[in-house]
Amino acid sequence: MNSPQKKWSVKINGKPFPIGDLKLKSAVLNLRTLASDYFKISSPKKFPFAEGDKLSLFFNGVCRFAGNCNSLKTSISAQKKSYEAVFKNAWAELEKIPYTQDWQALLEDAQAISPQRISRIILGQSADGEKISAGEQIADIIACANSKGAGISTSEIGISTQIPADEASDMSCAQAILRVLKWMPDIATEFDYSNENTPVLNFKKRSACETVSIENAAVKSISFEKRNDLKVQNVCVNYEKTNTVNGAAFKAVSRDVYPPESDIGCKNSLMLTVPLGGYSQKTQHQKVETADISISSESWWKSKVPFLNNSKISHFNLKNIKRKSTLPRELLSGNIMEWMLCAIERDTISADVEYYIDGKVAGMESVSLKLLATNARTTTYSRTVTTSKQEPQPSGLAQAIFEATEDTQTEGECAIINAQNLSLFLKNILYENELENACVTETALDIFKGELKAKFGPPKHLYPADIAELFRTASTRKTVQNPQIRLTGETSKDNTFQYSDNVYTPVIAGFPQDSYKLSIANPEDGSEIVSIDPNDIPSTDEVNDISLKKLLIVSNGNPRHAYFLMSNII
């Protein structure tokens, strides 16, 4: 066994195992950001573990890696057999578990919508449509993975930047995290294996990582280049919304610029166009016709009591006039809605009518009128109704992108020998005053040779190769039209308001009608569209509670609510 290997030890499934018994031919530990760390070993001897078994790797008693066996490979040739195993850390669990969110949905054969965990997701906002930070979103993704057995612990995810709401589907928890962090190229990940049973996932800014010098290390080779093509002068995010008012659409644009007051559109100025869901508004109209209630006026009584218009009646006297309501006017047509801020109530007006024929008292009749009293006036009431809310604008996005790209990045790789005790992962390295912003994002340590290979600079799997790629950052994002869709389950809304005149006919006691009748008429020709007559209600004790009831229906495969004027279910 080579001397560098003597300081290394392993545990398999939590139990110490002599590393010499593995007869290792090669062993390389790879650490990566925003990807799985992995430990790859090979041996001419068959391994004493199976796929899924856990291995912990220690150097001088300190845990440097913990993961599960992800693959076992056997190679057979005429002369020999060889075996290869790859262990991956907890990030691999994030790659295996789909990210799901709670949505209000209607299952087949269900009677009502209920929360369902599905793989359609909206990143960047909570279930009720409120903006959340990237850190809060990532915490929810990891919580989802842990609910399925990932077993990942995290330190505080201090990423306060907000991202645009991003609708997607069918992606793993790892893919969801990378999708959030595409807006923040400066963020990197690192696992702390101090607790071998529960490694801690840390999120760090590459620009804030510790700086170390490798001048005193045994540098075998080094190559690098400065990536001035990635440097930007400023960042401008144009948020575009299409708002709709009464069917007319118009575009609104707001800008997030960093640094503030900088020259937008100059050379190496990064401009991103991010579409956001706009609002939709309609104006609702309600036409109302009313008339004054004049109980002391003979002409008013004649308009309400037909027999008083008999040409034989010379005049009449009103006695014992009584009213239930004090509202001044009668509703002749239309509806009084709550939003109109007008009162309406059922009114009963009664009086004893002494009428005269040929100058003599001909009789006395008790008359009772039933009508709808209100304080509304004859006019058309209007209000603006927002049928869909606009998507909130993120905060701090331009600054986050600028801070990741304002400095010149140095990209390259190096090899260092006798480096088994050297930790360079997520360190900004210095070498002969030649390197700047050279953050190590990947290392490969050969524990046999004690040789460390490190790559530094922008991470290849996330960061764009040149500035042109940054202009396409927002191109794959799907705009969220209804921010509260997860909470309500409504994929779209019926934005149509239909107008009609609702005519209430006053009822006179002693005549054929014994209650009021509701008619809905066509405003163009006055033809009756709907007639609701209480006399049509079956006379039975089973029928009661006739009122508007909210019911769940299905329209084009989507759950909807509608109000029905109906009795109790019998």
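**Chatting through the sheets, helices and cores**

Q: Which residue does Ser 221 stand opposite in E26?
A: Ser 221 faces Ala 415 there. Keep in mind that this is a predicted model.

Q: How many bridges pair E16 with E26, and in which sense?
A: There are 9 bridges between E16 and strand E26, which covers residues 409-417, and the pairing is antiparallel.

Q: What sheet are those strands in, and in what order do its strands come?
A: They belong to an open sheet of 11 strands, ordered E2-E1-E5-E6-E7-E4-E3-E28-E29-E26-E16, with antiparallel pairing.

Q: Which strands stand at the edges?
A: Strand E2 (15-17) and strand E16 (218-227) do. Each has a single partner strand, so one side of each has no neighbour in the sheet.

Q: By how many degrees are neighbouring strands turned against each other?
A: On average it's 20°, ignoring direction.

Q: How many bridges join E13 to E14?
A: You get 6 of them, with E13 and E14 (residues 200-205) running antiparallel. Within that pair, Thr 189 sits opposite Phe 203 in E14.

Q: Switching to the cores: how many residues does the largest nonpolar one have, and which have the most contacts inside it?
A: The largest nonpolar core has 93 residues, and the ones with the most contacts inside it are Phe 39, Met 184 and Phe 203.

Q: What does Met 184 touch, leaving out residues up to four places away in sequence?
A: Ala 134, Ile 159, Thr 161, Ile 163 and Ala 400.

Q: Which residues are in the second, separate core?
A: That core has 16 residues, including Ile 293, Ile 313, Ile 349 and Ala 351.

Q: Helices now. At what angle do H2 and H3 pack, and how far apart are their axes?
A: Helix H2 (residues 134-147) and helix H3 (residues 173-181) pack at about 175°, and their axes are 10 Å apart. That angle is over 145, so H2 is roughly antiparallel to H3.

Q: Which residues meet there?
A: From H2 you have Ala 134, Gln 137, Ile 138, Ile 141, Ile 142, Cys 144 and Ala 145, and from H3 there's Cys 173, Ala 176, Ile 177, Val 180 and Leu 181. By class, that contact has 11 nonpolar, 1 polar and no charged residues.

Q: Why is H3 largely enclosed by the rest of the structure?
A: Because 7 of its 9 residues are buried. Those are Cys 173, Ala 174, Ala 176, Ile 177, Arg 179, Val 180 and Leu 181.

Q: What do the buried residues of H3 pack against?
A: Helix H1 (91-96), strand E10 (120-123), H2, strand E12 (166-169), E13 and E14.

Q: And H5, which residues are buried there?
A: Leu 397, Ala 398, Ala 400, Ile 401, Phe 402, Ala 404 and Thr 405. H5 (residues 397-405) is largely enclosed too, because 7 of its 9 residues are buried. Ala 400 is also one of the residues that Met 184 touches.

Q: Last one: how many helices and strands does the chain have?
A: It has 7 helices and 35 strands. Of its 570 residues, 43% are buried.

Key: Residues numbered from 1 in each chain as written. Predicted model: local features only at pLDDT ≥ 70, side-chain atom pairs only at ≥ 80, totals over all residues. Heavy atoms only, no water. Pairing = 2+ DSSP bridges. Helix = DSSP H or I, 4+ residues; strand = E, 2+ residues; numbered from the N terminus. Core = buried A, V, L, I, M, F, W, Y, C linked by side-chain atoms within 4.5 Å. Buried < 20%, exposed > 50% of the residue type's maximum accessible area, 1.4 Å probe, protein only. Contact = heavy atoms within 4.5 Å. Axes fitted to C-alpha atoms, helices over the stretch in contact; angles between N-to-C directions. Parallel < 35°, antiparallel > 145°, perpendicular 65-115°, else oblique. Nonpolar A, V, L, I, M, F, W, Y, C, P; charged D, E, K, R; others polar.
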